[in-house]
Amino acid sequence: MDRRVHRPLEDQEFDFITGMAQGTTVLAYFTGSWPKAVEASRALDAVVAELAREYGARLMAVRTDITRCPATTRRYGVTGAPTVVLLREGEAVATRSGPVTAAELRALLAEAGV
């Protein structure tokens, strides 16, 4: 895992990390620990790490485990893994569920003005 991707262990840590992102878009991606989710989440790990390097200070990446951060998962309406939620000032500006490619995430980021 790239050091540019944060991994909160609980809801309060997610809030602390994303609270430091003032003026920066947060790419929060929600993962799960069940077999189908693990495969898709691992593929997304590499994609997000690549984007975190590419976008640098314009993007904060946060890998969030659904079972460790249940309140955060509910707050953003996440019902499955993987799910990507783009946040600005704590508010969701775009959401994408299911496996996603780097090109699809770049397009989502571009639509969000990143």
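In helix H1 (residues 11-19), the residues Asp11, Phe14, Ile17 and Thr18 are buried, where buried means under 20% relative accessible area, exposed over 50% and partly exposed in between, with a 1.4 Å probe and protein chains only. Seen down the axis of H1, these buried residues fall within an arc of 125°, so they line one face of the helix. Gln12 and Phe16, on the other side of H1, are exposed.

The model is predicted: local features need pLDDT of at least 70, side-chain atom pairs count only at pLDDT 80 or more, and totals for chains, interfaces and linings use all residues. Residues are numbered from 1 along each chain as its sequence is written, and side-chain values use heavy atoms, with hydrogens and water left out.

The buried residues of H1 pack against the elements below; contact means heavy atoms within 4.5 Å. Helices (H or I, at least four residues) and strands (E, at least two) are DSSP runs, numbered from the N terminus.

| Element | Residues |
|---|---|
| Strand S1 | 5-6 |
| Strand S2 | 25-31 |
| Strand S3 | 59-65 |
| Helix H3 | 70-75 |
| Strand S4 | 83-88 |

Trp34 lies in the loop between S2 and H2 and, at 37% relative accessibility, counts as partly exposed. Apart from neighbours within four places in sequence, Trp34 is in contact with Ile66 and Ala81.

A further pairing involves H2 and H4. Residues of H2, including Leu44 and Val47, meet Ala102, Leu105, Arg106 and Leu109 in H4. By class, this contact has eight nonpolar, no polar and three charged residues; Ala, Val, Leu, Ile, Met, Phe, Trp, Tyr, Cys and Pro count as nonpolar, Asp, Glu, Lys and Arg as charged, and the others, Gly among them, as polar.

Methods. Arc of directions from axis to C-beta.
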